[in-house]
Amino acid sequence: MTPEILAFIMFGATIVVLILGFPVALTLAGSAILFAFIGDQLDLFRFAFLNLSPTRIFSTMKNEPLVAVPLFVYMGVVLQRSDIAGQLLESMGQLFGKMRGGLGYSVVIVGALLAASTGIVGATVVTMGLMSLPVMLKAGYNPKVASGIICASGTLGQIIPPSIVLVLLASILQGVNEEAAALTGNLAPDPVTAIDLFAGALVPGLLLVGLYLAWVFILTIIRPEDVPSMKDESVHAPTFGTLLKAVLPPLILIVLVLGSILAGIATPTESAAVGAIGAMVLAWQSKKLNLTLFREVGLETVKVSSMVFLIIIGAGLFSTVFKGFGGDDVIAEFLRHLPGGAFSALLLVMLLMFFLGFFLDFIEIIYVVVPIVGPILIALGYDPLWLGVMIAINLQTSFLTPPFGFALFYLRGVAPKEFKTSDLYAGVLPFIVIQVLALALLWTFPGLVTWLPDLLFS
C-alpha cells in the first residue's frame, strides 16, 4: 500500500463517519490521529510529525480575524432575542400584504436585512418560520412555496456580509493563496482578507435577493393561486413612523458594521465588536435587556464559538495528515491534467462541493476540502477572491439540499404538525436552481464579484 492510497481511504472513511452523524470535530481529529498511527505502523507516515500540531492550534487561537466569529455570533443572538426580526416581519407584512405575492416579497426583504445585521441562518429561519409560515398558510399560500421562500431567505446570511462563512473562508484562503503562490513562483502574493470577501460578496448577495424576488413575481403570473394577497380586512398599511421604527434599527447596525468595514475605518473584528455593542443598545431600547438575556446569549455564543473552533482544530489535524500522506499532490496532478484544463478542474470541484453539501455542513467542507483543492485552482489562474465568493454561494446550497439541509431542519422544527416534510423538500428545489443560476452568472461575469473590491481598494 502507498501513502497516497491510505490518504484517500482516510478521506472516504471520514466522510462516511460524518454522514453517520458522529461529532464533526472529534471525527476529523480522531480520523487524523488513527490513520497517522496506522501510517506510522506501516512505515508510510511519521507519527512524530503531529508534534507540530500544538503550535498550529496555538497560532489558530491567536488568529485575530477569527475573533470576529464569537463577536458576530453574539451580535446575531442578541438581535434574535430582542424581537428586531419580529417587528420587521410584521411591518413588511402589513406594507406588502395586500399585494399578490406580497408576503413572499416581505420575507425575502426581511431575510436580506437580517442577513446583513445578524448573519445567523438558524436564528433567521426559526424566527421567520414562527412568525411568517402560519400567516402565509392562513392567507392561502401553497405550503411548498411558503417553505421554500422562508428557507432560502434565511440562508442569505451565508453570503450577504458580514457573514461568519466569509470570515472563516478568508482565514483559509490566505494560507491557500500563499501555497498557490509558492507553486507558481510568486514570492509576494496579494493578501486575501475578510474585508476583500465582504466587498466581493455584497453584489452577488444582492443578486440572489433580486433573483428570489423575481421568482416570487414569476409565480404571481404563472401560478397566482399559490401566492395570493391577504384577504384580512384588519390588515392596514403601517404608518411611516411604525415602518421607520421597525426598519431603522437594523439599518443603523448594518451601516455601523458593514459600512465601517468597507470604508476602511475598522477591521472585521473591530466592527464585530461595535456590532455586538450596538445589538445590546437595540435590545435595551426594545426593553429586552436583562440578566436572563445576558445569560442565554452568553451560553449560546460560547456553544457556537466552541463548536467552530473545535472543528477548525480537528480539520487542521486532518489536513496535516492528509498532506503528509501526499494526498494533496495526487489531487493537484489530477486536476492539472484534466481534459479542458482549468475550466474542468473548477467545474469538478464545484460539483464535488455541491454533492458534499447534501451530507455535510459548510464548515466541514471549508476546512477539509478548500485547503486541498484551493492551491491548485488558484495556481491554474483563478482569482482567489472570486473563487472564495463562488465557494461561499455553492456552500449556501448545503443549507437547502436534502436530506441534511440545516435550514430544512430549522423550519421543520417550528412548522405546524400537519405540515408535510415532502412539501418542505419540494419547496426549496426552485431556490437551489436559482443558486446554481447565480453561480453560472458569476462564472460568466466575474466582474460581479471583483468590481466593488476594485472600486473600493484599488
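Leaving aside its neighbours within four places in sequence, which residues is T401 in contact with?

Reply: A caution to begin with: this is a predicted model. Setting aside neighbours within four places in sequence, T401 is in contact with F354, G357, F358, L408 and I432. T401 itself sits in a loop. That loop runs between helix 18 (384-396) and helix 19 (406-414). T401 has 0% relative accessibility, so it counts as buried; the cut-off for buried is under 20%. The side chain of T401 reaches the backbone oxygen of G357 at 3.1 Å.

Now widen the view to the nonpolar core. The largest one has 161 residues. F72, L168, Y367 and V373 touch the most other members. Helix 10 (residues 194-222) gives the most to this core, 13 residues. Take V373 as an example. Apart from neighbours within four places in sequence, V373 is in contact with I331, L335, V349 and M353.

Helix 11 (residues 240-262) supplies the largest share, five residues. I252 is found in helix 11. Its relative accessibility is 45%, so I252 counts as partly exposed.

Charged pairs come next. Side chains of opposite charge can pair when their charged atoms come close. The count here is four salt bridges. One of them joins E179 and K323, with the closest N and O atoms 3.1 Å apart. E179 lies in helix 9 (residues 164-184) and K323 in helix 13 (residues 291-324), so this pair ties together parts that are 144 residues apart in sequence. E179 is partly exposed, at 34% relative accessibility. K323 is partly exposed too, at 24%.

Another salt bridge links D226 and R223. Their closest N and O atoms are 2.5 Å apart. D226 counts as buried because its relative accessibility is 9%. R223 is partly exposed, with a relative accessible area of 33%.

K303 and E300 also meet in a salt bridge, at 3.9 Å from N to O. Both lie in helix 13. They are three residues apart, about one turn of the helix. K303 is exposed, at 57% relative accessibility. E300 is partly exposed, with a relative accessible area of 27%.

Conventions. Residues numbered from 1 in each chain as written. Predicted model: local features only at pLDDT ≥ 70, side-chain atom pairs only at ≥ 80, totals over all residues. Heavy atoms only, no water. Core = buried A, V, L, I, M, F, W, Y, C linked by side-chain atoms within 4.5 Å. Buried < 20%, exposed > 50% of the residue type's maximum accessible area, 1.4 Å probe, protein only. Helix = DSSP H or I, 4+ residues; strand = E, 2+ residues; numbered from the N terminus. Contact = heavy atoms within 4.5 Å. Polar contact = N/O pair within 3.5 Å; in protein donor to acceptor, adjacent residues only side chain to side chain. Salt bridge = Lys/Arg side-chain N within 4 Å of Asp/Glu carboxyl O.
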